Amino acid sequence: MALTLVTGGTGHLGRDIVDRLVRDGRRVRVFARSPGLRSDVEWAAGDLATGAGLREALHDVDTVINAATYSPIARRGGVRPVDFFRSPSAVDVEGTERLLSLCGQADIRHFLHVSIVGLEQATLPYAQVKLAGERRVRASALSWSIVRAMPFYYLLDKLLSSLAWLPVWPVPTTPFNPVDTSDVADHVLTCAFDGQRGVRAEIGGPEALDLVAFARQYQDARRLHRKILPIGLSEAKARGMGFVVSQGVRGRLRWTDWLQHNYPGMRSTA
Ligand SMILES: NC(=O)c1ccc[n+]([C@@H]2O[C@H](COP(=O)([O-])OP(=O)(O)OC[C@H]3O[C@@H](n4cnc5c(N)ncnc54)[C@H](OP(=O)(O)O)[C@@H]3O)[C@@H](O)[C@H]2O)c1
């Protein structure tokens, strides 16, 4: 049976991708620094930043889904001053390049790369790193797809939670449409196996609301009472920070549904 390798298969999106591949009866190998315990997939130990284990991980593989990343902001769940100056590229740029090169030597039929909506206008160094990784994919001779997604709900949750200690929350009034990883994983699977290639429809969440509304719904779910100070941003500034509304495919899960699931007992905002 054709084998699919998932990098980042232990991450938030990667786990949802792996779940769906297994559910669909596909043979799956997960490339991970620390192999996990689930027994319905094969595990390949390795490190994208050094290339360790990559060649072996590609043995017999037909399709690669590259969902690995190293985002300091997502890892710690908060933005620090250093994030405005630099972001490590060893996984997203050099790691992607290494993976592409080895895929070129193996018999890979499709390389699907996960990326982010609006990278061209975004100014954070992490966005520039993601853009550089994407460019490596576009320049490769492989048969590739790129799927761009809006920020994930889990990240919005972490970022808003990092404000919890503040009595007043400065929140941009800009509209955007974050999305759940479950919806992104569904779209990634469609794109991985529908026979089409290239830059695929981007995916965002079902609702484009301003960030103030997302923050209010979050406070309701967490039973927090913080004053929200709405901050107007110019369109260029908002785009620079990644606040855009995606085109293309819309996921189904709303932020309030995600909150209800993750913070059971929340007040209804209906
Ligand atoms: N988060 C968002 O809001 C968002 C929005 C749009 C698109 N995306 C994109 O979606 C993809 C997945 O994002 P995510 O938020 O689900 O990521 P995540 O939860 O931070 O997971 C990242 C994954 O990459 C793996 N990884 C990190 N460094 C590695 C290395 N040196 N070698 C091998 N694997 C390594 C991690 O494994 P370990 O457990 O070993 O660290 C983990 O499995 C990325 O391409 C990201 O840019 C994310």
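Reader: In which sense does H8 pass H10, left-handed or right-handed?

Author: The crossing of H8 past H10 is right-handed. A crossing is right-handed if the near helix is turned clockwise from the far one by less than a right angle, and left-handed if anticlockwise. Helices (H or I, at least four residues) and strands (E, at least two) are DSSP runs, numbered from the N terminus.

Reader: What sort of model is it?

Author: A predicted one: local features need pLDDT of at least 70, side-chain atom pairs count only at pLDDT 80 or more, and totals for chains, interfaces and linings use all residues. Residues are numbered from 1 along each chain as its sequence is written.

Reader: Back to the helices. At what angle do the axes of H8 and H10 cross?

Author: Roughly 20°, with the axes of H8 (residues 211–222) and H10 (residues 255–262) coming within 10 Å. H8 is therefore roughly parallel to H10; angles under 35 degrees count as that, over 145 as roughly antiparallel, 65 to 115 as roughly perpendicular and the rest as oblique. Axes are lines fitted to C-alpha atoms, for helices over the stretch in contact, and angles run from 0 to 180 degrees between N-to-C directions.

Reader: Which residues meet there?

Author: From H8, Phe214, Gln217, Tyr218 and Ala221; from H10, Trp255, Thr256 and Leu259. Contact means C-beta atoms, placed from the backbone, within 7 Å.

Reader: New topic. How many residues of E5 are buried?

Author: 7 of the 7 in E5 (residues 110–116). Buried means 20 or more other C-beta atoms within 10 Å of a residue's own, exposed 12 or fewer, partly exposed in between, with C-beta atoms placed from the backbone. His110, Leu112, Val114 and Ile116 point one way, and Phe111, His113 and Ser115 the other.

Reader: Which way does E4 run against E5, parallel or antiparallel?

Author: Parallel, with 4 bridges joining E4 (residues 61–66) to E5. Ile65 stands opposite Leu112. Strands pair if DSSP finds at least two bridges between them.

Reader: And how many bridges between E5 and E6?

Author: 6, also in the parallel sense, with E6 covering residues 144–149. His113 stands opposite Ile146, and Ser115 has Arg148 as its bridge partner.

Reader: Why call E6 largely enclosed?

Author: Because 6 of its 6 residues are buried. Trp144, Ile146 and Arg148 lie on one side, and Ser145, Val147 and Ala149 on the other.

How values were computed. Two residues are in contact if their C-beta atoms, placed from the backbone, lie within 7 Å.
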